[in-house]
Amino acid sequence: KSYNVLNVGRLTSDKQQLLLLDIWNDIKKENLVNDRWKLIIIGDGEEKNKIISKVQDYSLESSVELVDATKEINKYYRNSRIFAFTSRMEGFGMVLLEAMSFGNACISFDCPSGPRDIIKNEVNGYLIECYDKVAYKDKLVSLMNDEEKNEYMSYNAKQTVKEWNNDDILNRWYTILK
């Protein structure tokens, strides 16, 4: 796996990629991680031009890659170590399960519903109090700098996905409805 932090989703104010860029800028400006780390943001939406402008304003072109929505998303999940989720609110958060299925440790704000159903704090990722930019930055840096912690959460992420297996869920419902 490459030293990539991945964000996938619609480029909208609800997904808060602009906030993620603020956090990334702080990390890079304060030299908190090795230069090999890269942030990849994948998606399309009305915030795209604002995101491009912010990357340029912060001079982050060498450490941020913007990718249009793609059907080859698997290669990005496969080549990333961390999935950074910054949504303001979420339904279920399917991208978290997708990321975990590829062994990405996840970090997310503990927004209403979704992430807290999937992320087990400090086991397969981190849940951060809503919109606490400093705590988010600190935990992201921790994951980026601590290979052992990242591998531990990566392993647990893969195990978490097994809990969401359709056959297991159907069998549980079958037992309940008997």
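Author: A disulfide is a pair of cysteine sulfur atoms within 2.5 Å, and the structure holds zero disulfides. Cys111 is in no disulfide, the nearest cysteine sulfur being that of Cys130, 6.0 Å away. This is a predicted model, in which local features need pLDDT of at least 70 and side-chain atom pairs count only at pLDDT 80 or more, while totals for chains, interfaces and linings use all residues. Residues are numbered from 1 along each chain as its sequence is written, and side-chain values use heavy atoms, with hydrogens and water left out.

Reader: Is Cys111 buried or exposed?

Author: Buried means under 20% relative accessible area, exposed over 50%, and partly exposed in between, with a 1.4 Å probe and protein chains only. Cys111 counts as buried because its relative accessibility is 0%, whereas Cys130, at 29%, is partly exposed.

Reader: Which residues of the largest nonpolar core touch the most other members?

Author: A nonpolar core is a set of buried Ala, Val, Leu, Ile, Met, Phe, Trp, Tyr and Cys residues joined through side-chain atoms within 4.5 Å. Among the 31 residues of the largest one, they are Val5 and Tyr136.

Reader: What is Tyr136 in contact with, leaving aside its neighbours within four places in sequence?

Author: Contact means heavy atoms within 4.5 Å, and the partners of Tyr136 beyond those neighbours include Leu20, Ile23, Phe85, Ile107 and Ile128. A second, separate core has 20 residues, including Ile40, Ile42, Cys106 and Ile118.
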